[in-house]
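Please read these notes alongside the model.

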Amino acid sequence: AATAPRIPPTRLALHHFDVNYSLQLKDLWPSVRASLLCEQKYGALLNNFSPVDHVTQELELLNATDFVSEAPKKALRSQRGAAAEEAGRGESRSQEGSGEGRTAMQAETMTQAEMSPPLRPSISSNIKCYTFPRGDITRFRPARPDALGLLDYYLMDAASLLPVLALNVQPDDFVLDLCAAPGGKTLALLQTGICGHLAANDVSISRTKRLYQILHSYVPKVIRETVSVTSCDGRDWGQLQGSTFHKVLVDVPCTTDRHSVMEEENNIFHRRRTKERQMLPMLQLQLLMAGILATKPGGEVVYSTCSLSPLQNEYVIE
């Protein structure tokens, strides 16, 4: 009997996204689709445990910028622009008003914009991640070891830092990274230098080994020994250590959209993983609930994915 032709999981993924995301994103989908299919651009997360001054100079000479420190400035400029535009509309609606009144109104609007910072005070000043400008496809050189053998930066998708920044870790916070492997977010949390205690967990033993490797390559032994690394099922964490942490990061397994359209290996759209993919929202909900149960009263939980799917994002939260 003839067998059905094998359709690569990357094609299955792209077809799935075309059907679903085109309805969700409408006119935006073609540009988002093109982005998913483009070569991935990385950011360079500077390692504060290694001397970084010369690395900073090197990257800036290449026209890379620290997007973490630049983001509030860009947001403030955008905020001021919006305020000025609103003031202009108000001025056109009040042509009969005095010039002095219009100037005062515009000044008041601009002052309000300046007094409303786009980002709350956070750990961002301790985390530095350099990226090249839009359209610049320059690649970062491989990381280099310092005199102690610690690598100078970690290459990662810069967007992966956003959940860490959103977690807003404060001095002496007990922090849990519930689905930590391969370790980029755990490393970023350590760069803050202010965690009172950090627990990094991942159910996959093989992925946890990768986490250990990253910690060994970037973090001094005295700091590594303060990190609790485990390989438990994250869904059980609320029962294991309930109401323990000030901040919990729940970066759940997901369809990992870019990987799904670009890589055949370990692709969740492989036909043999259909049931696993269909069960993702339930797994994600269970992990989120465990993260909430692990959080102290008044603590904060950040839930994140690498997917555009509402089923894996908004619907899980709701």
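1. Which residues do ring pairs link into a cluster? Phe17, Tyr21, Trp29 and Phe269 are joined in this way. Rings of Phe, Tyr and Trp (its six-membered ring) pair if their centres lie within 6.5 Å; planes under 30 degrees apart are stacked, over 60 edge-to-face, and the rest tilted.

2. This is a predicted model: local features need pLDDT of at least 70, side-chain atom pairs count only at pLDDT 80 or more, and totals for chains, interfaces and linings use all residues. Residues are numbered from 1 along each chain as its sequence is written, and side-chain values use heavy atoms, with hydrogens and water left out.

3. The count comes to six aromatic pairs. Among them, Tyr21 and Trp29 are edge-to-face, 5.6 Å centre to centre with 75° between the planes. Both residues are buried (under 20% relative accessible area, 1.4 Å probe, protein chains only).

4. Phe140 and Tyr153 form another edge-to-face pair, at 6.1 Å and 65°. Phe140 lies in the loop between β3 and β4 and Tyr153 in strand β4, so the pair ties together parts 13 residues apart in sequence. Both are buried.

5. Tyr153 also stands opposite Leu46. Strand β1 (residues 43–46) pairs with β4 in the antiparallel sense over four bridges; pairing requires at least two DSSP bridges. Strands (E, at least two residues) and helices (H or I, at least four) are DSSP runs, numbered from the N terminus.

6. The open sheet of four strands has the order β2-β3-β1-β4, with antiparallel pairing. β2 (65–66) and β4 (153–156) each have a single partner strand, so one side of each is left without a neighbour in the sheet.

Definitions and conventions. Buried < 20%, exposed > 50% of the residue type's maximum accessible area, 1.4 Å probe, protein only.
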